[in-house]
Amino acid sequence: MGNLISVDRKMKFQNFKRSELAERLGRLARICNDLDIPILIIVDGWESSGRGYVIKDLCREFAAKNFDVEVFDKDESFDDLYPFIRKFWVNVPEKGKIKIFDRSFYYKIFEKKNLSDKEIQKRIDSIKSIEKALFDDQTIILKFFLNIDKKEQKKRIEKLEDSIKEDFYIDGLDVDQVKNYKDYEKHFKKTLVASDFSYSRWEIIDSNDRKAASKEVLGLALDKISQGIERVVRQREENENEKRDYISSSNILQNIDLSKSISDDEYKEKKDKLQDEVAKLMYKFYQKGISQVLVFEGVDAAGKDGAIERLIKKVDPRLYSVHGISAPSKEELSRNYLWRFFTKLPRDGYVGIFSRSWYGRVMVERVEGFAKTNEWDRAYGEMLDMEKQIYDHGSLLLKFFVTIDKDEQLKRFKDRQREPDKQYKITDEDWRNRDKWDDYIEAMNEMLERTNASYAPWIIVEGNCKKYARIKVMEEYIKAAKNHLKKLENKK
């Protein structure tokens with residue numbers, strides 16, 4: 001093709017029939033379905049490069065119930081109300097299913113040739129985190145970039161302009177790419193090189209001939225999915241490696257002063273004023289279009305929900321959603337564990353409050369054996385990546401850890417058993433978890449140590465005195481919210 005994005009690799013599958021390649025691909029897809037292996041296929045490239053043509057061939061032998069094509073269009077008005085990567089996390093494939101992205105998260109970079117290197121890298125870092133998380137979670141990832149030269153692109157656009165399909169297929173970006181072909185070409189190459197990861201490589205496809213391009217995509221998909229199946233099966237057969245490099249000597253929770261308390265009179269004096277200020281601040285965030293994510297974790301019966309109720313007591317309920325996180329549903333288990341949390345992130349101006357959160361991966365799932373060692377051990381980095389994306393969007397992210405001692409927990413458990421209106425709060429699972437107190441404290445200490453990032457620090461709340469804990473949560477929220485607004489103001 002003679003342009004910057006050209007590849008030297010010769011086409012390997014031109015002597016095959018597309019129907020034959022598609023049939024073989026369909027058989028591999030059924031194997032993946034039987035093995036519960038998810039597949040993500042990204043088809044990106046120049047405008048008018050034949051994405052639709054290629055995708056139609058890719059899908060021709062897939063069982064209709066087992067695949068889905070997600071088209072990422074140019075309407076960003078709603079997408080921009082969330083962190084950049086959320087829309088794509090929400091659309092990750094289920095286990096055993098195929099998700100095809102027509103355009104993708106890369107499109108949000110490709111279309112803007114004037115993005116700064118810093119912004120490009122920031123977005124690519126976000127993409128890298130999702131692709132690595134999916135790869136580690138045994139997803140097969142295929143990335144195709146359809147490349148055409150300027151002459152062919154111009155010819156196709158002119159042909160479409162004369163057809164009845166113009167309104168559907170042509171927009172200003174097509175014309176702008178032809179007009180500024182060299183600029184886009186340099187921009188595409190820079191993006192492709194920066195996002196060609198060892199676990200999810202780009203395949204550059206010469207798409208000047210759509211039929212030839214389609215054959216090549218089908219053939220490469222066969223090769224890559226075959227290799228992916230071998231990798232996943234091997235991963236599943238390997239014995240779990242229980243040894244970890246990480247050595248923790250942290251005793252964060254054992255060193256907390258849980259004797260802190262507050263008198264009833266002081267509590268009454270402070271509570272209403274603080275609740276009024278919280279309500280005003282949350283409304284101010286709404287006016288400025290800034291989202292807030294508040295995470296509450298802690299020891300069982302530490303008082304997380306009570307602290308949340310007092311925090312939002314005077315806040316307009318239309319501004320917030322409280323998510324009580326329990327065991328994942330069947331639908332949630334069919335996807336990567338972070339999926340259900342990305343679907344619950346608040347849009348700009350609103351507040352998402354999590355009573356328990358993604359940190360269950362390194363606490364409950366770790367201690368109870370619901371996740372393998374290598375799964376929960378890598379989750380620390382995956383969760384920090386998620387939080388960095390929330391922070392980079394401009395959102396306020398606060399993480400509260402409410403803690404009590406073992407004697408106080410026993411007292412509260414017995415109180416819940418005695419009082420009819422509190423009995424719903426105590427379950428057999430709570431007692432089982434209590435039997436593993438030391439294991440949970442060890443997991444919590446490591447979590448607090450390894451995920452206490454500058455952009456998402458933990459606020460430890462001493463909870464033996466419920467009223468003290470509730471006041472501290474409100475005071476810490478007010479302090480952090482004011483600082484966040486000030487920081488954003490200084491950036492302007």
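Ala, Val, Leu, Ile, Met, Phe, Trp, Tyr, Cys and Pro count here as nonpolar, while Asp, Glu, Lys and Arg count as charged. The others, Gly among them, count as polar. The model on your screen is predicted.

**Stop 1: the largest cavity**

Select Ala29, Arg30, Asn33, Phe62, Ala63, Asn66, Gly96 and Ile98, which line the largest cavity. That lining holds four nonpolar residues, three polar ones and one charged one. The space inside has a volume of about 50 Å³. Now colour helix H1, residues 18–35. Helix H1 gives the most to this lining, with three residues. In total, the model has three cavities of 30 Å³ or more.

**Stop 2: the second largest cavity**

Next, select Trp89, Ser129, Ala133, Leu338, Phe342, Glu382, Asp385, Met386 and Gln389. They line the second largest cavity. Two elements give two or more residues to its lining: helix H5 (117–136) and helix H16 (373–392). Which of the elements gives the most to this lining? It is H16, with four residues. By class, the lining has five nonpolar, two polar and two charged residues. The space of the second largest cavity is about 50 Å³.

**Stop 3**

Now turn to charged side chains. Side chains of opposite charge can pair when their charged atoms come close. The model has 52 salt bridges. Start with arginine 156 and glutamate 152. Their closest N and O atoms are 2.8 Å apart, and the two form a salt bridge. Show helix H6, residues 150–161. Why are arginine 156 and glutamate 152 separated by about one helical turn? Because they are four residues apart in helix H6. Then check the surface. Arginine 156 has 11% relative accessibility, so it counts as buried, since the cut-off for buried is under 20%. Glutamate 152, at 14%, counts as buried too.

**Stop 4: a pair across the chain**

Select arginine 244 and glutamate 446. They form a salt bridge, with the closest N and O atoms 2.8 Å apart. This pair links distant parts of the chain, 202 residues apart. Arginine 244 is in the loop between helix H10 (210–237) and helix H11 (264–288). Glutamate 446 is in helix H19, residues 437–450. Glutamate 446 counts as buried, at 2% relative accessibility.

**Stop 5: another pair, then a network**

Move to glutamate 332 and arginine 340. Here the salt bridge has its closest N and O atoms 3.4 Å apart. Both glutamate 332 and arginine 340 are buried. Then select Arg244, Arg366, Asp377, Glu442, Glu446 and Arg450 together. Salt bridges that share partners join these residues into one network. Arg244 and Glu446, the pair from the previous stop, both belong to it.

**Stop 6: arginine 361**

Finish at arginine 361. Where is it? Look in the loop between strand E8 (351–355) and helix H15 (364–367). Arginine 361 counts as buried, at 9% relative accessibility. Show its side chain with that of glutamate 365. A polar contact of 2.8 Å joins the two.

Terms used. Residues are numbered from 1 along each chain as its sequence is written. This is a predicted model: local features need pLDDT of at least 70, side-chain atom pairs count only at pLDDT 80 or more; totals for chains, interfaces and linings use all residues. Side-chain values use heavy atoms; hydrogens and water are left out. A salt bridge is a side-chain nitrogen of Lys or Arg within 4 Å of a carboxyl oxygen of Asp or Glu. Buried means under 20% relative accessible area, exposed over 50%, partly exposed in between (1.4 Å probe, protein chains only). A polar contact is a pair of N or O atoms within 3.5 Å; within protein, one must be able to donate a hydrogen and the other to accept it, and residues adjacent in sequence count only if both atoms are side-chain atoms. On a 1 Å grid over the protein atoms alone, a cavity is a set of points where a 1.4 Å probe fits but cannot get out, and a pocket is an open set with protein on both sides within 12 Å along at least five of seven lines; lining residues have an atom within 4 Å of a point. Grid points are joined across faces, edges and corners, and a volume is the space filled by probe spheres set on the points.
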